[in-house]
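Please have the model open beside you.

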Amino acid sequence: MKLRKMSYTASLATLAFVGGSLFSFSIGVVKVTPVQHLLNLVTGVALGPWYALSQAFVASLLRNIVGTGTLLAFSGSMIGAFLVGVVYRQRGKLMIAGVAEVFGTGLIGGIVSDMLARGLLGMDLPFGLILGSFLVSAIVGVSIGYPVVKVLKKRFPRLFNQQNDQG
């Protein structure tokens, strides 16, 4: 079961990397990748918080290695992905998991990324630029991801029923 979850995570990270590289747009210095947030929702709901965190990390790492992402991709995707998995595991509600992605990525990830951009990267950005762009990205991704997950849950119930396995 653990190998299967790792395989799913790797596949979803690859989809997030390719989708984030092909379907993205910039708002200021921030690259907005709604596909990442769609797949954060899928991974968090289907596999749980640690696999979602891993998927977001690997996708961010790959985008940074090939130059299609920034360091802000890590904090911008990993917090929301993990939160989706935690909230879905506790509540079992897709809508609440979607809100967790927007909250985790858009608000918490945006604030952390803003601090990183200023402190670590030395960027002097207008307050709210990163936060706003992360919110837009997460809202777009979750808006697309919500119906996608609904369809996937019906089509592949076995994948989505294994989330409660702690492995």
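Leaving aside neighbours within four places in sequence, Val42 is in contact (heavy atoms within 4.5 Å) with Leu12, Val149, Leu152 and Phe160. This is a predicted model, in which local features need pLDDT of at least 70 and side-chain atom pairs count only at pLDDT 80 or more, while totals for chains, interfaces and linings use all residues. Residues are numbered from 1 along each chain as its sequence is written, and side-chain values use heavy atoms, with hydrogens and water left out.

Val42 also belongs to the largest nonpolar core, which has 18 residues; Leu39, Leu41, Val42, Val45, Ala97 and Val149 touch the most other members. Such a core is a set of buried Ala, Val, Leu, Ile, Met, Phe, Trp, Tyr and Cys residues joined through side-chain atoms within 4.5 Å, where buried means under 20% relative accessible area with a 1.4 Å probe, protein chains only. Two or more residues each come from α1, α2, α3, α4 and α5 (94–119), and α2 gives the largest share, eight residues.

Now turn to α3. The buried residues here are Pro49, Tyr51, Ala52, Gln55, Ala56, Ala59, Ser60 and Arg63, and their cover includes α1 (2–22), α2 (34–47) and α4 (72–91). Just after α3, Gly67 takes a positive phi of about 85°.

Finally, look at α5 and helix α6 (residues 129–155): their axes, lines fitted to C-alpha atoms over the stretch in contact, come within 9 Å and cross at roughly 155°. The two helices are therefore roughly antiparallel, a label for angles over 145 degrees between N-to-C directions.

Note on methods
Buried < 20%, exposed > 50% of the residue type's maximum accessible area, 1.4 Å probe, protein only. Helix = DSSP H or I, 4+ residues; strand = E, 2+ residues; numbered from the N terminus. Axes fitted to C-alpha atoms, helices over the stretch in contact; angles between N-to-C directions. Parallel < 35°, antiparallel > 145°, perpendicular 65-115°, else oblique.
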